Amino acid sequence: MSTCAVTKQTVLSVDDSLISQQMIKRALDNSYRVLLADNAVDALTVISQEMIEALLLDISMPGIDGFELCRTVRSLPRFKNLPIVMVTSRDTEADRQEARMAGASGYLTKPCEPERLKAVMGRLLPKGLATN
């Protein structure tokens with residue numbers, strides 16, 4: 001017996017702000033399976049256990065910041081091509097450059113309009129079934 005159920009692509013959002021997490025989940029929940037983590041250690045645990053197709057990172061978090069988490073994820077061969085988008089309130093050119101050097105695929109500033117977030121995700125993730 002085979003099923004033709006469409007599996008939503010999985011996105012992990014890492015942000016220590018509950019308000020930001022709720023906004024991202026609301027914006028993407030209809031189109032993606034959205035997982036949440038509020039720190040880098042939990043995020044690394046999630047990506048080791050789940051097949052994710054995109055990663056959304058805040059920069060300013062306690063402990064390991066988004067730049068360091070991005071570099072860590074990029075250093076793992078299986079995540080070489082993973083779309084990673086910084087979603088942050090930090091909006092300087094220096095932050096944008098550091099994000100690019102860390103391996104980020106995109107950069108959005110908060111507050112981020114839900115339609116803009118959906119548009120960026122639509123460009124970064126291929127249409128169709130999830131890879132897991």
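Is Asp-58 buried or exposed? I started my notebook with that one. The model I am reading is predicted.

**Entry 1: Asp-58**

I looked up the accessibility and found Asp-58 buried, at a relative accessible area of 5%. The cut-off for buried is under 20%, so Asp-58 qualifies. I then placed Asp-58 in the loop between strand 3 and helix 3 (66-74). Next I checked the record. An unreviewed UniProt entry annotates Asp-58 as "modified residue: 4-aspartylphosphate". I also listed the contacts, leaving aside neighbours within four places in sequence. Asp-58 then touches Val-14, Asp-15, Asp-16, Gly-66, Val-87, Thr-88 and Lys-110.

**Entry 2: the annotated domain**

Which residues does the "domain: Response regulatory" annotation cover? The unreviewed UniProt entry gives residues 10-125. Over residues 10-125 I noted 44% helix and 21% strand. The end C-alpha atoms of that stretch are 10 Å apart.

Five of them form an open sheet, in the order 2-1-3-4-5, with parallel pairing. Strand 2 (32-37) and strand 5 (106-109) are the edge strands, and each pairs on one side only. From one strand to the next, the twist averages 20°. I reminded myself that strands of a sheet pair through backbone hydrogen bonds, either parallel or antiparallel.

I zoomed in on one pair. Strand 3 and strand 4 (residues 84-88) are joined in the parallel sense by three bridges. Here Leu-56 stands opposite Val-85 in strand 4.

Which strands does helix 1 (residues 18-28) lie across? I found strand 1 (9-14), strand 2, strand 3 and strand 4. Helix 1 runs at about 170° to strand 2.

**Entry 3: Ile-52**

I moved to the loop between helix 2 (40-49) and strand 3 (54-57), where Ile-52 sits. Ile-52 is buried, with 8% relative accessibility. Not counting residues up to four places away in sequence, Ile-52 touches Thr-10, Leu-12, Ile-47, Phe-79 and Leu-82. I also took one distance. Ile-52 and Gly-63 are eleven residues apart along the chain, and their C-alpha atoms are separated by 23 Å.

**Entry 4: Asp-95**

I found Asp-95 in helix 4 (residues 93-102). Its relative accessible area is 8%, so Asp-95 counts as buried. Which side chains make polar contacts with the Asp-95 side chain? I noted Arg-90 at 2.9 Å and Thr-92 at 2.9 Å. The Arg-90 pair is also a salt bridge, with the closest N and O atoms 2.9 Å apart. Arg-90 itself is partly exposed, at 29%. Not counting residues up to four places away in sequence, Asp-95 touches Phe-67, Arg-90 and Tyr-107.

**Entry 5: salt bridges**

How many salt bridges does a search of the whole structure find? My count from the search is nine. One of them joins the side chains of Glu-50 and Arg-33, at 3.0 Å from N to O. This pair links distant parts of the chain, 17 residues apart: Glu-50 is in the loop between helix 2 and strand 3, and Arg-33 is in strand 2. Glu-50 is partly exposed at 25%, and Arg-33 is partly exposed at 33%.

I checked another pair, Arg-100 with Glu-93. Their closest N and O atoms are 3.1 Å apart. Arg-100 is exposed at 51%, while Glu-93 is partly exposed at 45%. Elsewhere, salt bridges that share partners join Asp-15, Asp-58 and Lys-110 into one network. That took me back to Asp-58, the buried residue I began with.

Terms used: Residues numbered from 1 in each chain as written. Predicted model: local features only at pLDDT ≥ 70, side-chain atom pairs only at ≥ 80, totals over all residues. Heavy atoms only, no water. Helix = DSSP H or I, 4+ residues; strand = E, 2+ residues; numbered from the N terminus. Buried < 20%, exposed > 50% of the residue type's maximum accessible area, 1.4 Å probe, protein only. Polar contact = N/O pair within 3.5 Å; in protein donor to acceptor, adjacent residues only side chain to side chain. Contact = heavy atoms within 4.5 Å. UniProt positions renumbered as here; feature names shortened; annotations may be inferred. Pairing = 2+ DSSP bridges. Axes fitted to C-alpha atoms, helices over the stretch in contact; angles between N-to-C directions. Salt bridge = Lys/Arg side-chain N within 4 Å of Asp/Glu carboxyl O.
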